[in-house]
Amino acid sequence: MLAYRPARLQRNPLQNAEGSAVCHLGRTQVLAGVKIDLATPFADRPEEGVLSTGAEFSPLGSHLFEPGPPRVEAIELARVVDRGIRSANMIDLSSLKVEGVTKVKAVYVDLWIMDHDGNLFDAAMLAAVAALANTRMPKMEGEKLVRGEYEGILPVSCLPVSCTFGMAGNTYLLDPTLDEEKGLEGRFTLSTTPEFVCAAQKTGWKGVTQKDIMEFVDISFKKGAELRRLIQQ
């Protein structure tokens with residue numbers, strides 16, 4: 001109940017992406033692709049680059065998904081992954097500013113659900129962080145990126161991971177499967193670095209006590225170290 005299903009990462013499966021990874025978590029599979037481009041900086045942060053995360057719930061990934069505009073669940077997934085990466089300061093956005101150029105470098109993270117068998121949050125976070133940790137930076141010539149030529153790897157400061165707990169009655173499940181998620185009364189996701197909790201997300205109507213949260217934090221740090229070793233292999 002407090003153990004993960006077998007997990008593995010496949011790195012750089014996409015030739016045309018600057019970085020990519022597939023996370024296999026049990027029968028759940030999530031593909032993350034990273035593209036580097038130039039973009040106009042946000043008006044309130046002119047000295048910083050851009051980080052943007054999106055998620056695609058294709059009908060190929062589950063009979064529960066339908067074509068059309070992004071689902072609420074897809075938006076939530078993208079935001080949870082984005083918040084974990086951003087709050088951990090995994091990427092120094094100020095380092096993406098290009099001197100002498102009006103635009104900044106932008107990091108676009110796209111998540112695609114290939115097979116949905118539960119716990120998309122942790123699988124998507126693992127895939128995204130693994131992809132970012134292996135992202136190549138395109139070469140700059142003047143005010144343009146040179147596609148196919150690279151000048152180093154995207155610098156990252158840490159490897160944030162998330163741990164998701166399903167809640168039903170007095171029972172708590174780590175890494176719930178799709179069948180288990182159907183019977184849950186709530187879900188709690190914690191994103192951590194080796195040093196601190198960087199983000200949290202609760203869904204469902206079931207409440208959590210302070211004692212529950214502290215137990216989740218302790219478990220997340222312990223399991224987070226295991227997930228990080230998977231990324232570092």
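How do the residues of the lining of the largest pocket divide into nonpolar, polar and charged? They divide into eight nonpolar, three polar and seven charged, where Ala, Val, Leu, Ile, Met, Phe, Trp, Tyr, Cys and Pro count as nonpolar, Asp, Glu, Lys and Arg as charged, and the others, Gly among them, as polar. This is a predicted model, in which local features need pLDDT of at least 70 and side-chain atom pairs count only at pLDDT 80 or more, while totals for chains, interfaces and linings use all residues. Residues are numbered from 1 along each chain as its sequence is written, and side-chain values use heavy atoms, with hydrogens and water left out.

**Helix H4**
- Helix H4 covers residues 210-232, and because its 23 residues at 1.5 Å a residue should span 33 Å, the 32 Å between its end C-alpha atoms agrees (the expected span is 1.5 Å times one less than the number of residues; helices, H or I, of at least four residues and strands, E, of at least two are DSSP runs numbered from the N terminus).
- Among the buried residues of H4 are Asp 212, Phe 216, Lys 223 and Arg 228, buried meaning under 20% relative accessible area with a 1.4 Å probe and protein chains only.
- The cover over the buried residues of H4 includes helix H2 (120-133) and strand E11 (197-204).

**Leu 31**
- Leu 31, which lies in strand E3 (residues 28-39), counts as buried because its relative accessibility is 13%.
- The C-alpha atoms of Leu 31 and Met 114 are separated by 6.8 Å, although these residues are 83 residues apart along the chain.

Key
Buried means under 20% relative accessible area, exposed over 50%, partly exposed in between (1.4 Å probe, protein chains only). Contact means heavy atoms within 4.5 Å.
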